[in-house]
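Let's take a friendly walk through a protein model together. Keep the picture open beside you and look for each part as it comes up.

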Amino acid sequence: MNYHEKLDFDNIPKHVGIIMDGNGRWAKNRKKPRTFGHKEGTERVIEIVEAAYKINVKSLTLYAFSTENWKRPEEEISKLMDLLAFYIKSQLEKIKKNNIRIMVLGDYTAFPEKIVGLIDTALQETKSNDKMILNIGLNYGGQSEIVRASKKICEEVIAGNISIDDINTESFKDYLYTRGQNDLDLLIRPSGEFRVSNFLLYQLAYSEFYFSDILWPDFHENEFYKAICDFQSRNRRYGGL
């Protein structure tokens, strides 16, 4: 079925987040090293960013490297860094041409110097773009983000810039990495897992969840549109009737 033809273009989620999971299992099923799966997963990133762009998603957030991923073997982490560098180098001109802004969620300064330099360039050269925001979670964790935001608020209160009474659920968002963006409308997780894995914990308060058994390297454009169609079938009441 062609799910693109079934889309309601008046009800496209403004903010979609994806936990890109299953690269290692996909490779194992083919008796290949895990890094082979990550490479194929990078191809899906390119495909899904283009798919989101075509249907006018305003923010797409991809969970690329979590704070917990440092526990993986050093060789695998090194290959992931290489793939990140490849993605930025090969896609930056297209991203600029398509008026997409790249933003990073997480402390990417912990990465190797050459990667930090590439990310800095991508952030600088796309900062004025406004067609779509591509958030990339790098050394990101939802709990760490909330702690970071809380510390920044404390600093503001101590400095006398704000009062405690100024802090509420809306003003708190101004201290998150996603400041100025819509809350997450739809969370997609391929690979058959049913957990959020420390991803956008504050922003997903009223998100719709879509879980799929398909491993990320096989999660093609039509599967993405299928998830959007499923989202459009939901009745979002936000606690009301």
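## A buried serine and its loop

Ser-191 counts as buried, because its relative accessibility is 6% and the cut-off for buried is under 20%. Please keep in mind that this is a predicted model. You can find Ser-191 in the loop between E5 and E6. Its phi is positive, at about 90°, although Ser-191 is not a glycine. Most residues other than glycine have a negative phi.

Asn-198 is found in that loop between E5 and E6 too. With 13% relative accessibility, Asn-198 counts as buried. A polar atom of its side chain lies 2.8 Å from the backbone nitrogen of Gln-143. Leaving out residues up to four places away in sequence, Asn-198 touches Tyr-63, Thr-67, Glu-68, Tyr-140, Gly-141, Gly-142 and Gln-143.

Now look at Lys-31, in the loop between helix H1 (23-29) and helix H2 (34-54). Lys-31 is not a glycine either, and its phi is positive, near 55°. Is Lys-31 buried or exposed? Lys-31 is exposed, because its relative accessible area is 77% and the cut-off for exposed is over 50%.

## The sheet

In what order do the strands of the open sheet lie? The 6 strands run E3-E4-E2-E1-E5-E6, and their pairing is parallel. Strand E3 (100-105) and strand E6 (208-211) stand at the edges with a single partner strand each, so one side of each has no neighbour in the sheet. From one strand to the next, the twist averages 20°.

Strand E5 (residues 186-189) pairs with E6 in the parallel sense, over 4 bridges. Across this pairing, Arg-189 has Phe-211 of E6 as its bridge partner, and Leu-187 stands opposite Phe-209 in E6.

In soluble globular proteins, nonpolar side chains tend to be buried together. In this model, the largest nonpolar core has 50 residues, and Ile-18, Phe-111 and Phe-224 have the most contacts inside it. Helix H3 (residues 74-97) gives the most to this core, with 9 residues.

Which residues does Ile-18 meet, leaving aside its neighbours within four places in sequence? Ile-18 is in contact with Ile-48, Leu-60, Thr-61, Leu-62, Tyr-63, Ile-188, Pro-190, Phe-199, Trp-216 and Phe-224.

The model has 13 aromatic pairs. In one of them, the rings of Tyr-63 and Tyr-140 have centres 5.8 Å apart and planes at 80°, so the pair is edge-to-face. This pair links distant parts of the chain: Tyr-63 is in strand E2 (residues 59-66), Tyr-140 is in strand E4 (residues 132-140), and they are 77 residues apart. Tyr-63 is buried, with a relative accessible area of 8%, and Tyr-140 is buried with a value of 1%.

The rings of Phe-224 and Tyr-225 have centres 5.9 Å apart and planes at 55°, so this pair is tilted. Both Phe-224 and Tyr-225 are buried. Ring pairs also link Tyr-63, Tyr-140, Tyr-177 and Phe-199 into a cluster.

Our last stop is Lys-173, in the loop between helix H5 (142-158) and E5. Its side chain makes a polar contact with the side chain of Glu-170, at 2.9 Å. Not counting residues up to four places away in sequence, Lys-173 touches Arg-179, Asp-183 and Tyr-202.

How far apart in space are Lys-173 and Gln-203, C-alpha to C-alpha? They are 8.3 Å apart, while in sequence 30 residues separate Lys-173 from Gln-203.

Technical notes
Residues numbered from 1 in each chain as written. Predicted model: local features only at pLDDT ≥ 70, side-chain atom pairs only at ≥ 80, totals over all residues. Heavy atoms only, no water. Pairing = 2+ DSSP bridges. Helix = DSSP H or I, 4+ residues; strand = E, 2+ residues; numbered from the N terminus. Axes fitted to C-alpha atoms, helices over the stretch in contact; angles between N-to-C directions. Contact = heavy atoms within 4.5 Å. Polar contact = N/O pair within 3.5 Å; in protein donor to acceptor, adjacent residues only side chain to side chain. Core = buried A, V, L, I, M, F, W, Y, C linked by side-chain atoms within 4.5 Å. Buried < 20%, exposed > 50% of the residue type's maximum accessible area, 1.4 Å probe, protein only. Phe/Tyr/Trp six-rings, centres within 6.5 Å; stacked < 30°, edge-to-face > 60°.
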